[in-house]
Amino acid sequence: MRDLYFLLILLFTVISGYSQSEQLAKNYFDRGEFEKAENIYEKLLKQEPYNASFFYGLIATYQQLEKYNQAEKLLKERVNNTANAPHYLVELGHNYELQGNASQADQFYAEALRAIESRPNYAFSIARSFEKYSKLDRAVTAYELGMKMNPDAEYNIQLARLYGEQGEIEKMFSNYIDVLGNNPNLLPGVSRIYGQFITDDPKNEANLIFRKLLLKRLQEDQNILYNGMLSWLFVQQKEYQKAFQQEKAIYRRSGQGLGAILRLTVMAREEGQPATALEVLDFVIAEAPNEDLKLQAHQLRLNILQETLPQEKYSEIEAGYNTLFETYGSGSQMLSLYIDYANFLAFKQQKISEAEVVLRNFLDRDLKKLEEAALKMALADILVLDEKFNQALIYYSQVQNLVENDVIAQMARFKVAKTSYYKGDFDWATIQLDVLKSATSQLISNDAMELSLLISENSQEDSTRTALKKYARADLLAFQEKNSKAIEVLDSVLTQHKGEKIEDDALLKQAGLYEQAREYAKAEKNYLAIIEHYKNGVLGDNAHFYLAELYADKLEEPGKAQEFYEKIIFNYADSIYFVDARKKFRQLRGDELE
């Protein structure tokens, strides 16, 4: 036992010594001290003749020292003495190529490829050797020959990667599709690779190639995998109607759930395609296997209708809610739907007292903490809408106590600050906002910092905070969805407080309201005013980004959009919009995104 112990210590010491020596040799090599590296590698290889790391390290060192004959001698010894390593032929060829002897190099490269015909299992090692020296065409040939000689060989992933590096997009896509045919579980990883070439432009060359390949595969084989990839492509292109057709085919043929289809609703809604979102929801309602999913789809449908139908058709929405209430009743499990209904009454129809009654009917119910928090938050929002600030503050505070340490509690605290700000109690609002600056929710934290900055900047020069009070009033009117009145109040701020700190905030807020009203020329004018007079202020990057978005999405002037995205890249490197601006600038310029 004692002898074994000492043997293990000796073995560990030897291995540790080799490792340290090899690292020293690598360090010398990296620093260009090749003679020192050569000396160490020669000693190491003499001690361990079959250590591949020592062998290749010495070959590379000889080549750096232009000792090609010594490198050749070592390589030929390996070729002659090792029957199962034809990849050394590639190394020999490379050694000749370094000497400028291209014809001799080609002979060894060709010999390495011929070796695959009799020993196809060595295709991988030979191809990897070619890849090491950027011989991509020969590496491709090695893999293709290996698969030809051995039908069971699977090198599609390697070939796809090489095709991509060569710019052979169609071959790359085709090989990855073959890979997925055998391994569908690799789809998430392969989709990330596709995403390096696919853009949101349906006319992009890679998009067209991918679509053509998938349609051809579908004609040959009705595999739902191809439907799934087509759906993915259409989603990237924001063509949700086409994606929906593919997802329907998958659903019909696979018996999978409706989750993927329901997600299309959310995406279509976010991208301003409500008609498609509604069509998808109608399908979900018709196919829903249970009442919970059907109710969820109905609820989402009514929310979208509130965003799209004109006021004169609100009776249709009202009827939709009443039908659901008649069908599903008014139990506690319906709370979410009743909250939506109360918000519809209050914010869309100004039936505030009716909305309050709807919610107060649930206050005495036996609710879970999260349900009670959601109810009181909604009720408080409606009380703010009705300018019953003190009552609203009570409910927001109760929400904080109900769900302490939850993001909902942080949101309630932010609403306490916002309500205090609306009523002109800026000092109390600031105290709440200071706590929220370190909120776990980045969105709440950012909103808190922005509001805190607005209050502090506009309190220093004006102790009466006259301009800030007007601005807060306009902000409240916007919350109440009285946008035209909010715009009027902001006009008075801009007229009566011109040149004061509040001006850029008022211009930006008003520009957003103009956009909602589709008065894009007025919004553009406001953004340009901020850029002209306040480009070095805290809202300079906001104005540039929002203006670029306006040009890109609403005014359809991509040239101008590109110009303002570029200004963010060069002038606002620390902006929160920097990453998005760079991405969108490159898309407009036609770059291939990684």
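**Figure 1. How exposed is Glu287, and what does its side chain pair with?** Buried here means under 20% relative accessible area, exposed means over 50%, and partly exposed is whatever falls in between. Glu287 comes out at 25% in this predicted model, so the residue lands in the partly exposed class. Its side chain meets that of Arg252 in a salt bridge, at 3.1 Å from N to O. Arg252 sits at 53% relative accessibility and so counts as exposed. The two residues belong to distant parts of the chain: Glu287 is in helix α16 (residues 274-287), Arg252 is in helix α14 (residues 240-254), and they are 35 residues apart.

**Figure 2. Lys388 and Asp386 pair up through their side chains.** This salt bridge has an N to O distance of 3.2 Å. Lys388 counts as partly exposed at 33% relative accessibility. Asp386, at 29%, is also partly exposed.

**Figure 3. Arg465 and Asp427 form a salt bridge that ties together parts of the chain 38 residues apart in sequence.** The closest N and O atoms of the pair are 3.1 Å apart. Arg465 lies in the loop between α25 (442-457) and α26 (466-479), while Asp427 belongs to helix α24 (residues 426-436). Is Arg465 buried or exposed? At 18% relative accessibility, Arg465 counts as buried, because the cut-off for that class is under 20%.

**Figure 4. Arg128, Glu131, Arg161 and Glu165 make up one salt-bridge network.** The four residues are joined by salt bridges that share partners. Side chains of opposite charge can pair when their charged atoms come close. Across the whole structure, a search turns up 33 salt bridges.

**Figure 5. Stepping back, the chain holds 32 helices and zero strands.** The radius of gyration is 34 Å, well over the 25 Å that the globule rule gives for 594 residues, so the chain is more spread out than a compact globule. Along the principal axes, the C-alpha atoms fill a box of roughly 95 × 65 × 60 Å. Of the 594 residues, 47% are buried. Among contacts with a separation of 6 or more, 49% are between residues 24 or more positions apart.

**Figure 6. What does the chain put on its surface, and how are its charges placed?** The chain exposes about 31,300 Å², with carbon and sulfur atoms supplying 49% of that area. As for charge, there are 69 positive and 88 negative ones, and their mean positions are 2 Å apart.

Key. Residues are numbered from 1 along each chain as its sequence is written. This is a predicted model: local features need pLDDT of at least 70, side-chain atom pairs count only at pLDDT 80 or more; totals for chains, interfaces and linings use all residues. Side-chain values use heavy atoms; hydrogens and water are left out. Helices (H or I, at least four residues) and strands (E, at least two) are DSSP runs, numbered from the N terminus. The radius of gyration is taken over C-alpha atoms; the globule rule is 2.2 Å times the number of residues to the power 0.38. Buried means under 20% relative accessible area, exposed over 50%, partly exposed in between (1.4 Å probe, protein chains only). Contact means heavy atoms within 4.5 Å. Accessible areas come from the Shrake-Rupley method with a 1.4 Å probe; for residues, only the protein chains shown count as cover. Lys and Arg count as positive and Asp and Glu as negative; His and the chain ends are not counted. The place of a charge is taken as NZ of Lys, CZ of Arg, CG of Asp or CD of Glu.
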